[in-house]
Amino acid sequence: MQTRRETIQQSMVVAGLLASAGFPQFAHAAFNKNGFDAKSVQDAVKAYGGGNIAESKDVTVTGPDIAENGAVVPLGASTSLSGVKQLLVLVEKNPSALIAMFHVSDAVDANFLTRAKMGQSSDVYAVAIMADGKALFAKKEVKVTLGGCGG
Amino acid sequence: MKKMTSKMRVILAVTSASLVTLGCATGPSVAELNTLTQQIVKASFRDQGIVKASTLINTDETNKVCSEADALGKPLDEKTAKLIEEINMKTIKWPSDGKFIGDWKEGERIAQNGRGLTFTDDDKTVNGGNCYNCHKIDEKEISYGTIGPSLHNYGKIRGVSDPNSAASKPIVEYTWGKIWNAKAYNACSNMPRAGHGGILTEAQVRHVVGLLLDPKSPVNQ
Amino acid sequence: MKHSISVLLAAGLMTLSQSSLAQKTASQSIDEYRAMLQDGNPADLFEAKGEGLWTQKRGPKNASLEKCDLGKGPGVFKGAFVELPKYFADTGRVQDLESRLLTCMETLQGLNAAEIAKTPFGRGEQVNMTALATWVAAESKGMKFNLPQANQAEKTFYEVGKRLFFQRGGPHDFACASCHAEDGKRIRLQDLPNLTKNAGDGIGVAAWPAYRVSNGQMWGMQQRLNDCYRQQRFPYPGFASDATIALGVYLGVNSQGSASIAPAIKR
Amino acid sequence: MADPMRIRAQAAGDKVTVRVLMSHEMETGQRKDAAGKTVPAWFIQEVTAAHNSKPVLSAEWGPGVSKNPFLQFVVKGAKAGDKIAVTWKDNKGDTRTDEATVT
């Protein structure tokens, strides 16, 4: 097993390698400001070319029922559907609903876990945007508690 | 800044010297350990923001006696406990306008608030009562502590249907007094002396009493 | 994993009375939340940084910390954490991990220990201090606390630490003991360990240094104690001051036999 | 320069679960400092991953992702000994790449 220090040293080499490779497949992956400026779930989905959102049992959102701290809320999005282009993780009541957008390629599962900030209790969404623009979602409520001593 | 550091060093040197003296043969006595602890406190804590190091060294007799009893694991004898309770009873400031019951909604906000008086607060911070840190109060708030007893249905259990009635007077006064200075009723209580310690104002204490005793308060539903 | 939690919840639902139901499921949900965070503790980032700092040549003397004696001989870091604080003959002081690292940074690297001690947490060299403490602590992960009490200074510091633990003061009359001297108590939703005894593996001192979820900061034991004192409304305890170290001895000796999980992830 | 990432990549069957921790402030741009001044937004905007130098994932993040971000994803058709590289780029143009070997 490589040590952490080896990882650090190697990273320089890899950085150069990736820079020269240029990621042609992901040329479209420039940051979509509109998506992150959108206030609502639907507007964020639209920014990525998705249509009206519809609930689907083939999409799954994971998250705790209660988050002890809104600063770090583990959220996951996944789908069993084939033909999904993008998976979005959103928190409805955040100032900007969109947390993260993942391009789904053939080389990865349509299943991502990340952690989000939540200002208050809210529904959280996973939205799968399909090749034909259909936008399918799952949602669940996450309660955010006031932890600590209130100070 | 530099002056302060050299002063600190001198104090630390004194502390270490006393440690060395204490470090021989049988070990220090209880009195020596108490003295050493006070020296270490003096050398270790400093002023920061609104909190002055002197408040720690000049803490009152109640805290000194109770701390020592706690450290030795022996509760106070009855006589000392009574004496401390009497001293604290005398500090209770009763409502200047004779009104004991404030707005329970304000009281709930104060009970929720745990802020104020730390070395990262400023003198403009509105102090909270820290009540939910230790007590269950309104049943709807699930984030409550268990260091103190549940206060849910506090007034209801004690039969207070009209807090302004003569029948309710003893319990109303006790509630005010307990919040103002808990040590008047239990010498070494864990509960802060909210009024006496300058944590809550008279108006704030009134609102918290309202939260506990107003029949319309969620506490009594 | 997920499956077993829901089964547990279902079983719980059947046996619980209606009144205690809401509370029970809330605390179970909080446990579920905490479990979700275990996999992927950002403390790893600080641990890696600390490992790098140990061997990196730094300071006016352009030296690494590889010859630092943390109590088990120069350069020995495995198992050092669970035996600290202890008495060091070269300084004539009882020292905790951070105090000792400070000594090494000064003697080996030529850095100014007094300056570092004065630096606020999370700034300048204190960032490196926390990373180093995180890494050294992580090198004792799973080991049981076993503080020495043979030296008279260590015994004396235990007694002083005990007095500090029970010392009431400030506007709220709080002592460490106000919250940490009984079993099964909670402040708000947080479980409070009883620190007058071995509170169990990975509980109390056996969890620090830890990553704080609430503010995204890595905290060593010095910062943990500093913030306890802040919330107690006490004045500011100096970094690596004798008061914090004596308290560390009291807590560490009480935790005898408890296994360290540091660096942990905490609210 | 930004601190290194921690990448763990573990194989199970023909899939590899990758867990990444990144060292980043993730400032929202809505927080005020002690002096009341707004702390400017500073967050990771793009994340990409490569399996043996072949790009497999790209993502866009906003300031709503938590400080010191965590990311988990699953790479198909990978095995022990393969290389997984992850790159992030933030809104100030700072970037960092780290690589791990699948175990």
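**A chat about strands, cores and contacts**

Visitor: Which residue stands opposite A:Thr62 in β4(A)?

Guide: A:Gly76 does. Helices (H or I, at least four residues) and strands (E, at least two) are DSSP runs, numbered from the N terminus. This is a predicted model, where local features need pLDDT of at least 70, side-chain atom pairs count only at pLDDT 80 or more, and totals for chains, interfaces and linings use all residues. Residues are numbered from 1 along each chain as its sequence is written, while chains are lettered from A and ligands numbered from 1 in the order in which they are written.

Visitor: How many bridges join β2(A) to β4(A)?

Guide: There are 4, and strand β2 (residues 59–62) of chain A runs antiparallel to β4(A). Two strands pair if DSSP finds at least two bridges between them.

Visitor: And which residue of β7(A) is the bridge partner of A:Leu75?

Guide: A:Thr114. β4(A) and β7(A), residues 111–116, pair in the antiparallel sense over 6 bridges.

Visitor: Is β4(A) mostly covered or uncovered?

Guide: Mostly covered: 6 of the 7 residues in β4(A), residues 73–79, are buried. A residue is buried if 20 or more other C-beta atoms lie within 10 Å of its own, exposed if 12 or fewer, and partly exposed in between, with C-beta atoms placed from the backbone.

Visitor: New topic. How many residues has the largest nonpolar core?

Guide: It has 156 residues, and A:Leu90, A:Val127 and D:Ile84 have the most contacts inside it. A nonpolar core is a set of buried Ala, Val, Leu, Ile, Met, Phe, Trp, Tyr and Cys residues joined through C-beta atoms within 7 Å.

Visitor: What is A:Val127 in contact with?

Guide: Leaving aside neighbours within four places in sequence, its contacts include A:Val45, A:Leu88 and A:Phe137. Two residues are in contact if their C-beta atoms, placed from the backbone, lie within 7 Å.

Visitor: What about α9(B), which residues are buried?

Guide: Among them are B:Val172, B:Trp176 and B:Trp180. The buried residues of α9(B) pack against α10 (202–213) of chain B.

Visitor: How many residues does each chain give to the contact of chain C with chain B?

Guide: Chain C gives 44 residues and chain B gives 50. On the side of chain C that touches chain B, the largest share, 9 residues, comes from α7(C).

Visitor: Which strand of chain B pairs with β7(C)?

Guide: Strand β1 (residues 45–46) of chain B, in the antiparallel sense over 2 bridges. There, B:Arg46 has C:Tyr236 as its bridge partner.
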